[in-house]
Amino acid sequence: MPYSETSFLIDHLNVTDTINRLWSSVDRHDWATVAERVFAKEVVADYTLLIPGSPVEKLSCQVQTDLFKARVESFDSVQHCSTTVLIDLPQPSETYDRPSEVKATVTGVNALVKDNKTSLSGAWYELTLVREEAEGKNPWRISYMKPHGMWATGSNDVVPADFK
């Protein structure tokens, strides 16, 4: 089936929605939404640019959600603000089908608060999203994420030891 303009627009909106839903849900500690509507069945999170070591192997969406939860809940407050979302969707065409996987780049700012101290940081993320059909719901889920730290300011005491 050709990749129509309508399919392109729906995919673009749904991919953007999944990315925004990740940060909104994390900031609100809505872990059920992260597990059910954001992460794919299997997820790889590669933090090697921030934490020495090797990328995490494929994890189930629940294990990845629990790791996110443990990290975020170590702070008094966390706030993410995406500033740019770029999605590598193919243009509509009569010659190829709707994609089942796309790459995206997200740029944003993170605010971390702990013990009345604040750290602000800027980062961009490499993401891969896959289509996992979900009856009547947005089918796009994050299957790979790799943050690239760009800058940080504020209290270094807030930043976890393994991120320093």
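Which residue in S5 is the bridge partner of Val-102? The partner is Leu-129, and I shall return to that pair once the fold has been laid out.

Good morning, colleagues. What you see is a predicted model, in which local features need pLDDT of at least 70 and side-chain atom pairs count only at pLDDT 80 or more, while totals for chains, interfaces and linings use all residues. Residues are numbered from 1 along each chain as its sequence is written, and side-chain values use heavy atoms, with hydrogens and water left out.

Let me begin with the overall architecture. The protein has three helices and six strands; these are DSSP runs, helices being H or I of at least four residues and strands E of at least two, numbered from the N terminus. Along the sequence the pattern reads α-α-β-β-α-β-β-β-β. The radius of gyration is 17 Å, close to the 15 Å of the globule rule for 164 residues, so the protein is as compact as a globular protein of that length. That radius is taken over C-alpha atoms, and the rule is 2.2 Å times the number of residues to the power 0.38. Along the principal axes, the C-alpha atoms fill a box of roughly 55 × 30 × 30 Å.

Of the 164 residues, 43% count as buried; buried means under 20% relative accessible area, exposed over 50%, and partly exposed in between, with a 1.4 Å probe and protein chains only. The protein exposes about 8900 Å², of which carbon and sulfur atoms supply 53%. These areas come from the Shrake-Rupley method with a 1.4 Å probe, and for residues only the protein chains shown count as cover. As for contacts, defined as heavy atoms within 4.5 Å, 64% of those between residues at least 6 apart in sequence join residues at least 24 apart.

I turn now to the sheet. It is open, has six strands in the order S2-S1-S6-S5-S4-S3, and shows mixed pairing. Strands S2 (59-60) and S3 (77-87) stand at the edges with a single partner strand each, so one side of each has no neighbour in the sheet. Helix H3, residues 61-72, packs on the sheet and touches S1 (39-45), S2, S3 and S6, its direction making about 55 degrees with that of S1. Axes here are lines fitted to C-alpha atoms, for helices over the stretch in contact, and angles run from 0 to 180 degrees between N-to-C directions.

Two strands pair if DSSP finds at least two bridges between them. S3 runs antiparallel to S4 (residues 101-114), with 10 bridges, and Ile-87 is partnered there by Ala-104. S4 and S5 are also antiparallel, joined by 14 bridges; the pair Val-102 and Leu-129 from my opening question belongs here. In the hairpin of S4 and S5, with two residues between the strands, Asp-115 takes a positive phi near 55 degrees. S5 (residues 117-131) and S6 (residues 140-154) are antiparallel over 13 bridges, with Glu-126 bridged to Lys-146. S1 and S6, by contrast, pair in the parallel sense over three bridges, and Ala-45 stands opposite Met-145.

In helix H2 (residues 31-38), the buried residues are Trp-31, Thr-33, Val-34, Ala-35 and Val-38, and they pack against H1, S1, H3 and S6.

Finally, two residues set side by side. Is Phe-39 buried or exposed? Phe-39, in strand S1, is buried, with a relative accessible area of 2%. Beyond its neighbours within four places in sequence, its contacts include Leu-22, Val-34, Phe-68 and Met-145. The C-alpha atoms of Phe-39 and Ser-60, 21 residues apart along the chain, are separated by 8.7 Å. Gly-154, in strand S6, is exposed at 58% relative accessible area. Not counting residues up to four places away, Gly-154 touches Thr-118 and Ser-119.

Thank you for your attention.
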